[in-house]
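Q: I would like to learn how to read salt bridges in a protein model. Please take me through them step by step.

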Amino acid sequence: MAVMTVATTAQAGSYELTLELATDRLLPGRLVDGRLRIATARGGEIRGARVTMVGVETWRYDTTTVDAQGHTRTETRTATQDLPSIPIALSGPLALAAGGTHDFAFQVPVPELGPATFDGTELAVGWVVEANLDVPGFDPKVTMPVLVLQPTALLRAGVVTVAEFALYPAAEGEAGDIRGSIWLDPSPLCIGAPFKGRLDLESGAPRSVQEVRLELRVHAKATVGGGRSETITMWVGQLASEGEFGGGAQALPFASTLPELWLPTIETPHGRTDAQFHVIVATAWARDPHLIRDVALCSTTEL
């Protein structure tokens, strides 16, 4: 049994439940080691104990109604659905003496395909590990939030649908007289990890710019009738400051680290997400040209 590194405790009546896990960052298709400790001041009869990994998908959608006078009204509603779970029995009937404790070691399977944790507004996926007792009168429980990670392997295996060039090291972009290849390494990009890139630029005459900005944008959409969508700017960088930009061929490198925002590329029963990398040439009194390429986002390279 692995050494436990995260723990949480809940008090319910005369019972104190402590839930411990080896880690709260979980890999799909793997087992997570854990332990449940039951302590009771007065003692009591327990009919059973179990632990379950519980996932919930949340999405938002708009509904429009028309009243008798022909007036329309649109409302935004939130829907949720539990993801498939497998309860693990830890104990049958058990008697605990006053002041007694009992420990149960366990392993909980993480669903092979997730979906991974996604922290959006219009679409979200959240997971907890929950342990509960079956006792007369009420069922004490303790829960711990966990992160289900999106591995590189699932994205590369095609289990999650990504845009055609999202996993390529380089992809072409064009906006007006500005053309270029956007290189990114690694591919897919990983949440919370360093990355580097390069813009191989081809452009016409130099132009005066306010800046050349880099943005990583995540698009999340509920794929249901009236499903809402959102675009989240996950990361912003700068390739060039105010001044002259362009003119001929240039190779412009950049590097940074993505923040730990849990916005990986996923598919769910009711939604999906995609990501794009933008090179934005901010120009005064004119539309800003965007060179755009598709990308994919994982939340771990361990698998």
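Q: Is Arg 207 buried, partly exposed or exposed, and at what relative accessibility?

A: The model is predicted, so local features need pLDDT of at least 70 and side-chain atom pairs count only at pLDDT 80 or more, while totals for chains, interfaces and linings use all residues. Residues are numbered from 1 along each chain as its sequence is written, and side-chain values use heavy atoms, with hydrogens and water left out. Buried means under 20% relative accessible area, exposed means over 50%, and partly exposed lies in between (1.4 Å probe, protein chains only). Arg 207 has 22% relative accessibility and counts as partly exposed.

Q: What does the side chain of Arg 207 meet in a salt bridge?

A: Side chains of opposite charge can pair when their charged atoms come close. A salt bridge is a side-chain nitrogen of Lys or Arg within 4 Å of a carboxyl oxygen of Asp or Glu. Here Arg 207 meets Asp 177, at 2.7 Å from N to O. Arg 207 lies in strand β18 (residues 207-209) and Asp 177 in the loop between β14 (170-175) and β15 (178-185), so the pair ties together parts 30 residues apart in sequence. Strands (E, at least two residues) are DSSP runs, numbered from the N terminus. Asp 177 is partly exposed, at 35%.

Q: Are Glu 215 and Arg 213 buried or exposed?

A: Both Glu 215 and Arg 213 are buried. They form a salt bridge, with their closest N and O atoms 2.8 Å apart.

Q: Which residues do salt bridges with shared partners join into one network?

A: That network consists of Arg 60, Asp 62, Glu 122 and Arg 228.

Q: How many salt bridges are there by this rule?

A: The count is 18.

How values were computed:
Helices (H or I, at least four residues) and strands (E, at least two) are DSSP runs, numbered from the N terminus.
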